[in-house]
Amino acid sequence: RTGSVSSGAIQPTWVPFGSTVAHRRRLRFALDVYDSTWSSRLRQPTYSLGELINIEASVSADPRLPLRVFVDECVASPSTAAWLKYKLIADDG
């Protein structure tokens with residue numbers, strides 16, 4: 001007999017690549033608003049209720065780590081402290 005046998009649980013010796021990259025680097029998320037042709041980003045957009053808004057959500061990460069961004073909810077308000085909020089994206093997108 002050259003080895004021993006144990007009934008203990010096997011522990012993986014590897015760490016998933018995605019969690020390693022996410023742990024070592026901060027992911028930068030962005031939410032940008034574009035004009036009606038998607039050709040230029042708007043710096044300080046103003047919209048009326050019911051008007052179409054072109055929004056791009058993105059995340060920057062290592063190119064070897066393909067990520068997708070899913071937006072469940074998005075609200076608009078006059079300021080961060082305002083109680084008045086309009087739902088732009090609701091019900092899990």
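This note sets out points on the fold, surface, largest pocket and selected residues of the structure.

1. Basis of the model. The model is predicted: local features require pLDDT of at least 70, side-chain atom pairs count only at pLDDT 80 or more, and totals for chains, interfaces and linings use all residues. Residues are numbered from 1 along each chain as its sequence is written, and side-chain values use heavy atoms, with hydrogens and water left out.

2. Secondary structure. The protein contains one helix and four strands, in the order α-β-β-β-β from the N terminus. Helices (H or I, at least four residues) and strands (E, at least two) are DSSP runs, numbered from the N terminus.

3. Of the 93 residues in the protein, 11% are buried; buried means under 20% relative accessible area, exposed over 50%, and partly exposed in between (1.4 Å probe, protein chains only). Among contacts with a separation of 6 or more, 33% join residues 24 or more positions apart, a contact being heavy atoms within 4.5 Å.

4. Surface. The protein has an accessible surface of about 8,700 Å², and carbon and sulfur atoms account for 52% of that area. Such areas come from the Shrake-Rupley method with a 1.4 Å probe; for residues, only the protein chains shown count as cover.

5. Largest pocket. The largest pocket holds about 510 Å³ of space. A pocket is an open set of points on a 1 Å grid over the protein atoms alone, where a 1.4 Å probe fits, with protein on both sides within 12 Å along at least five of seven lines; lining residues have an atom within 4 Å of a point. Grid points are joined across faces, edges and corners, and the volume is the space filled by probe spheres set on the points.

6. Pocket lining. The lining of the largest pocket comprises 23 residues, with Tyr47, Ile53, Ile55, Ala76 and Leu88 nearest the centre. At least two lining residues come from each of strand S1 (28–34), strand S3 (74–76) and strand S4 (86–89), and S4 gives the most, with four residues. By class, 15 lining residues are nonpolar, three polar and five charged. Here Ala, Val, Leu, Ile, Met, Phe, Trp, Tyr, Cys and Pro count as nonpolar, Asp, Glu, Lys and Arg as charged, and the others, Gly among them, as polar.

7. Aspartate 32 and the salt bridge. One salt bridge is counted, defined as a side-chain nitrogen of Lys or Arg within 4 Å of a carboxyl oxygen of Asp or Glu. The pair is aspartate 32 and arginine 41, whose closest N and O atoms are 3.7 Å apart. Aspartate 32 lies in strand S1 and is buried at 16% relative accessibility, whereas arginine 41 is partly exposed at 38%. Beyond its neighbours within four places in sequence, aspartate 32 contacts Arg41, Asn54, Ile55 and Glu56.

8. Tryptophan 38. Although not a glycine, tryptophan 38 has a positive phi of about 60 degrees; most residues other than glycine have a negative phi. Tryptophan 38 sits in the loop between S1 and strand S2 (54–60) and is partly exposed, at 45% relative accessibility.

9. Leucine 67. Leucine 67 belongs to the loop between S2 and S3. With a relative accessible area of 39%, leucine 67 is partly exposed. Leaving out residues up to four places away in sequence, leucine 67 touches Leu27, Val59 and Ala61.
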